Amino acid sequence: MRTAQTYRPSWNVRRFFQRLLQYSVLVAVVIIVFVPIVILVFGALKTRGELMSSPYSLPIPPRWENIISILTTPRYSFWPMLRNSLMVMVATTTGVVVICSLAAFVFARMEFRLKGIAFQLFTLGLMFPINIAILPVYFVLRQMNLIDNLWGVIIVQTAFQLSGNIMILRGFFTAIPAELQDAAYIDGCTAFDFFWRILLPLAKPALAAVAALTMIMSWNDLLVPLVVINSDKLWPLPLGTMQFQGQYGQDLALVSAFVALSALPTIVFYLFAERQIVSGLTAGAVKG
Amino acid sequence: MQSLPAIPNILKLKPGTGMPRRFQDNLMIFLFLLPAIVLFLLFVVYPIFQSIYYSMFNWKGFGPAVDFVGLNNFKNILSDRVFMIALRNGFLIIGLSLFVQLPLSLMLAVLVGRDLPGRVFFRTIFFLPYVLSEVIAALMWLFILNPDPDRGFINAVIVLFGGTPQAWLGNTNLVLISIFAALTWKYFGYHMLLFMTGLQNIPSEIEEAGRVDGANAFQNFFFITLPLLASTIRTSVYISVLGSLQQFILVWIMSKGGPVNASETMATYMYRFGFVRFQLGYGSAVAIYMFLLCLIFSLIYLHFTRKPDYLSGLEG
């Protein structure tokens with residue numbers, strides 16, 4: 001243990017108060033983090049009248065009317081929005097994982113002229129986030145007739161995820177020992193065999209991290225659909241949630257229920273994929 | 001890496017197709033890079049150049065751009081009071097992020113430390129807001145910031161302690177701080193995670209040695225831990241600056257940049273001109289200003305990270 005500290009006579013008492021202080025601060029922050037979420041869930045589980053008369057009481061008994069009404073009223077189109085979000089997310093994630101692992105392999109494991117320039121090109125993308133690029137990107141989509149089309153959303157999301165994820169995967173691919181590549185080549189592997197049969201299976205954790213990050217990004221994205229999609233039939237969930245609040249904002253209980261329902265998939269996914277998300281983010285930021 | 005897989009399929013490989021090895025490799029490099037390069041050039045690089053072109057026109061977005069105005073858009077932006085407010089707000093958010101949000105995240109990361117029982121629990125909770133979408137975060141904060149104490153929780157707490165309820169998002173002096181509170185709520189967990197990872201990479205023996213040599217906790221932190229965290233702090237600062245400059249969704253949902261432009265950011269300003277008023281030439285010029293600002297900060301960041309750093313071996 002901490003040998004230096006054990007020389008002090010009152011070590012245990014000090015230690016106790018130190019821990020007490022640590023935990024009180026951390027618990028206070030936990031409460032602050034939870035306040036907006038808890039208020040939302042309380043609102044979602046009350047009727048409109050209850051929310052007016054006693055806004056901060058516990059929702060006992062919980063009222064499921066608003067939740068059920070959102071899930072069963074076709075006019076609120078929760079399910080079509082969920083489906084649009086899912087389609088965009090699956091396509092974007094597949095695209096990002098495939099395209100980025102191909103490019104990252106070449107950058108990590110192959111030598112060719114112009115490699116430096118090609119790689120610099122992608123690092124440039126890190127300085128040009130979508131929030132800034134959205135207007136110029138909109139022109140290009142319009143020229144290609146991809147406005148009001150989910151493919152427009154998918155392509156733009158994929159294009160703006162390339163830089164970061166190529167960096168992450170390149171880092172992982174570079175870490176795989178060169179001896180393995182040499183051995184494979186001596187045994188008659190082509191570069192493609194090495195990539196497909198040896199590197200990709202070894203890089204599964206990295207691919208999972210990239211996939212998890214991309215899923216979150218795509219699922220949460222509002223800006224690209226806001227600009228690209230016009231017809232309400234094609235709204236993904238975040239855009240739909242924003243519009244729902246605009247339309248039914250007077251009924252806070254109903255809106256709370258909608259927002260809570262649209263947050264639920266992310267929270268569940270996060271609890272299952274936390275390790276992948278965290279490892280992807282730290283690899284991207286600390287090494288990138 | 002875990003256990004290496006055996007390499008079982010090698011013997012079953014098809015014999016070479018007769019193409020020279022070098023040619024095969026080049027073909028593969030080309031095909032592997034093709035999708036990434038095409039997408040990237042078409043949807044990231046090409047738009048930059050196209051918007052440089054459009055920024056020199058007075059263009060409403062219909063038909064070809066014919067009304068050439070040279071650099072007038074760029075001049076007009078700089079003389080627009082609202083853009084200056086947006087610029088000032090951008091730097092205010094940067095300042096608040098660097099001097100409030102990052103120290104707070106660092107403090108929490110140090111508090112959780114390396115071996116506190118329950119550290120993974122705290123990390124999971126603190127990181128949750130980062131994973132939620134900006135729409136959901138913005139709406140949650142919109143609800144608790146409601147000026148009516150019977151609807152907005154924060155005012156209810158203030159009334160409970162005998163204070164006066166505030167119109168958080170309706171008061172020109174409070175709106176930016178209120179939005180910053182929501183931003184901090186959403187993003188502190190991310191910076192804390194970066195700092196936790198950075199701390200993890202510092203061998204505890206070094207701090208141990210400091211303690212043995214008689215350094216107290218503060219000296220240990222400021223003269224040993226903090227310098228060793230330098231690269232993580234640089235990364236965190238850079239991400240924070242770039243994020244602050246382009247804040248859009250939270251602001252747009254919580255205040256639409258108002259009241260009377262008090263919470264305008266460059267991104268909301270660009271959106272207003274580009275997509276609400278359809279002054280696409282003018283909007284493009286705003287986009288280019290934002291791009292230049294990001295470029296400048298990126299070059300500064302690169303300048304500092306490229307400096308030879310004798311500690312870099314320790315930072316992983």
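## Stop 1: A138 in chain B

Select A138(B) and leave aside its neighbours within four places in sequence. A138(B) is then in contact with A182(B), I249(B), L250(B), I253(B) and M254(B). Keep in mind that this is a predicted model.

Now widen the selection. Which residues touch the most other members of the largest nonpolar core? They are A138(B) and V286(B), in a core of 172 residues. Next, pick helix α7 of chain B, residues 175-200. This helix gives the core its largest share, 15 residues. Chain A takes part too: domain 1 (3-68) and domain 2 (77-287) each supply at least three residues to this core. There is a general pattern behind such a grouping: in soluble globular proteins, nonpolar side chains tend to be buried together.

## Stop 2: where the chains meet

Show both chains in separate colours. How many residues of chain A are in contact with chain B? The count is 77 residues of chain A, in contact with 77 residues of chain B.

Select helix α14 of chain A, residues 252-287. It provides 13 residues, the largest share of the side of chain A that touches chain B. Then colour that side by class. You will find 61 nonpolar residues, twelve polar and four charged.

## Stop 3: chain A as a whole

Chain A has 14 helices and zero strands. Read from the N terminus, its elements are α-α-α-α-α-α-α-α-α-α-α-α-α-α. The radius of gyration of chain A is 25 Å, well over the 19 Å that the globule rule gives for 288 residues, so chain A is more spread out than a compact globule.

Along the principal axes, the C-alpha atoms of chain A fill a box of roughly 75 × 75 × 35 Å. Of its 288 residues, 45% count as buried. Look at contacts between residues at least 6 apart in sequence: in chain A, 76% of them join residues at least 24 apart.

## Stop 4: two domains in chain A

Colour residues 3-68 and 77-287 separately. These are domain 1 and domain 2 in the domain assignment of chain A. Their C-alpha centres lie 33 Å apart. The contact between them takes ten residues from domain 1 of chain A and nine from domain 2 of chain A.

Stay on the domain 1 side of this contact. Select α2 (11-44), α3 (48-53) and α4 (65-72) of chain A; each supplies at least two residues there. Which helix gives the most? That is α2(A), with four residues. By class, this side of domain 1 has five nonpolar, three polar and two charged residues.

## Stop 5: helix α13 of chain A

Select residues 237-248 of chain A. This is helix α13, with twelve residues. From its first C-alpha to its last it reaches 16 Å, close to the 16 Å expected at 1.5 Å a residue.

Which residues of α13(A) are buried? They are L237(A), P238(A), L239(A), G240(A), T241(A), M242(A), F244(A) and Q245(A).

## Stop 6

Zoom in on I60(A) and P61(A). The peptide bond from I60(A) to P61(A) is cis, with omega near -10°. P61(A) is found in the loop between α3 and α4 of chain A.

Move on to D148(A). Its phi is near 60°, a positive value in a residue other than glycine. D148(A) lies in the loop between α7 (130-143) and α8 (150-175) of chain A. It has 13 C-beta neighbours inside 10 Å, so D148(A) counts as partly exposed.

Now show chain B again and select V260(B). Its phi is positive, about 35°, although V260(B) is not a glycine. V260(B) lies in the loop between α11 (249-254) and α12 (266-276) of chain B. Is V260(B) buried or exposed? With 11 C-beta neighbours inside 10 Å, V260(B) counts as exposed.

## Last stop: chain B as a whole

Chain B has 14 helices and zero strands. The radius of gyration of chain B is 26 Å, but a compact globule of 316 residues would have one near 20 Å. Its C-alpha atoms fill a box of roughly 70 × 65 × 40 Å along the principal axes. Of the 316 residues of chain B, 38% count as buried.

Notes:
Residues are numbered from 1 along each chain as its sequence is written. Chains are lettered from A and ligands numbered from 1 in the order in which they are written. This is a predicted model: local features need pLDDT of at least 70, side-chain atom pairs count only at pLDDT 80 or more; totals for chains, interfaces and linings use all residues. Domain bounds come from an automatic or database domain assignment. Two residues are in contact if their C-beta atoms, placed from the backbone, lie within 7 Å. Ala, Val, Leu, Ile, Met, Phe, Trp, Tyr, Cys and Pro count as nonpolar, Asp, Glu, Lys and Arg as charged, and the others, Gly among them, as polar. A nonpolar core is a set of buried Ala, Val, Leu, Ile, Met, Phe, Trp, Tyr and Cys residues joined through C-beta atoms within 7 Å. A residue is buried if 20 or more other C-beta atoms lie within 10 Å of its own, exposed if 12 or fewer, and partly exposed in between; C-beta atoms are placed from the backbone. The expected span of a helix is 1.5 Å times one less than its number of residues. The radius of gyration is taken over C-alpha atoms; the globule rule is 2.2 Å times the number of residues to the power 0.38.
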